[in-house]
Amino acid sequence: MGLRGADGAAITSAEPLGSGAAKQSWSEVPRMQQSIDTCSFHCSTRSPISLLSLNRYPNMGNLLKVLTCTDLEQEPNFFLDFENAQPTEAEREVWEQVDVVLKDAKGILDELQAYKGAGQEIRDAIQNPNDEALQEQAWAAVVPLVGKLKKFYEFSQRLEAALHSLLGALTNETYSDPTQHLEREQALAKQFAEILHFTLRFDELKMTNPAIQNDFSYYRRTLSRMRINNVPAEGENEVNNELANRISLFYADATPMLKTLSDGTTKFVSENKTLPIENTTDCLSTMASVCKVMLETPEYRSRFTSEETVSFCLRVMVGVIILYDYVHPVGAFAKSSKIDMKGCIKVLKDQPQNSVEGLLNALRYTTKHLNDESTNKTIKSMLQ
């Protein structure tokens, strides 16, 4: 869909912005589109931008190309409408596969947020080991909770599969670079962002709920004791020993969903040996730039219809940084990184502290290369 005037008529002038013809049409362009090109005037004018050149991308929808002058080789950044992007026919098959998974994401977060645990029942049973009634009460309380924990773990496997589908679409050779992928596959980029948003939110909730690991540890200890004593265990069929081992390893990690995605992204790269690793890392770094620019630029940020979108962008930005840090050979903090880490950290620190402390901690404690000797000292000090 090309640029249109206030009367709905298509604007097809190929005159460079700043010429007489373009100025005459400029007054009719909607205010949101004006700001795109206004921003472009702050950059180098070596390549005149024409209304026709902006009209070359018929499927862009609300993904707006913005050229900005940065220290990172004048890397193009984008305003991506995370709120309204819809799939094109070319995206639909992958989009529908991923959408089936994402539809369950909110329910998983709601269940996790409401998870209270069986702490009191477990304490009573441990303090009164000979009281069979209390043992039975604790077991009856824990078994359904373990069913929920199993459900969360199984969802992490579905999420990893969805991530592989999206990475396959966003990094293949259909287009020559990640910029073109994000321009033409906005709905898939939005789903990728939604997976990252879910992941960091899940891990924030998990880290503040010690009952999860306590409940599962009690379940495994009690199940083991029942087997030794040949006592039939209701609930054993729910989680057998092999699955219990995998679930235990999952929850033992401070940020289990993030580890699942990090491992999944690394696995994707290793399994697709004919695909240059840069296809994946450049996709991640471009997404980080998208979020940073939207958050630090008032004109873009004002287009969000909800403050929740600000939180969404912050989580997505941190999520792609962490994935990049795991997948890229030298990580996100190296001088050669295509992510403006100082700029991203500054954006985080410009937000209310209580809203981003968990995200800053994710950068401090769940990245791979922050403490490398090659990491810029300024970046390290910014995260202290």
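The model is predicted, so local features need pLDDT of at least 70 and side-chain atom pairs count only at pLDDT 80 or more, while totals for chains, interfaces and linings use all residues. Residues are numbered from 1 along each chain as its sequence is written, and side-chain values use heavy atoms, with hydrogens and water left out.

Trainee: How are the rings of Trp 139 and Tyr 219 arranged: stacked, tilted or edge-to-face?

Mentor: Rings of Phe, Tyr and Trp (its six-membered ring) pair if their centres lie within 6.5 Å; planes under 30 degrees apart count as stacked, over 60 as edge-to-face and the rest as tilted. By this rule there are 8 aromatic pairs. For Trp 139 and Tyr 219 the centres are 5.3 Å apart and the planes at 5°, so the pair is stacked.

Trainee: Which helix holds both Phe 198 and Phe 202?

Mentor: Those two rings form a tilted pair, 5.9 Å centre to centre with 40° between the planes. Helices are DSSP runs (H or I, at least four residues), numbered from the N terminus. Phe 198 and Phe 202 are 4 residues apart, about one helical turn, in helix α9.

Trainee: Is Asn 209 buried or exposed?

Mentor: Asn 209 lies in the loop between α9 (186–207) and α10 (211–228). Buried means under 20% relative accessible area, exposed over 50%, partly exposed in between (1.4 Å probe, protein chains only). At 13% relative accessibility, Asn 209 counts as buried.

Methods: Helices (H or I, at least four residues) and strands (E, at least two) are DSSP runs, numbered from the N terminus.
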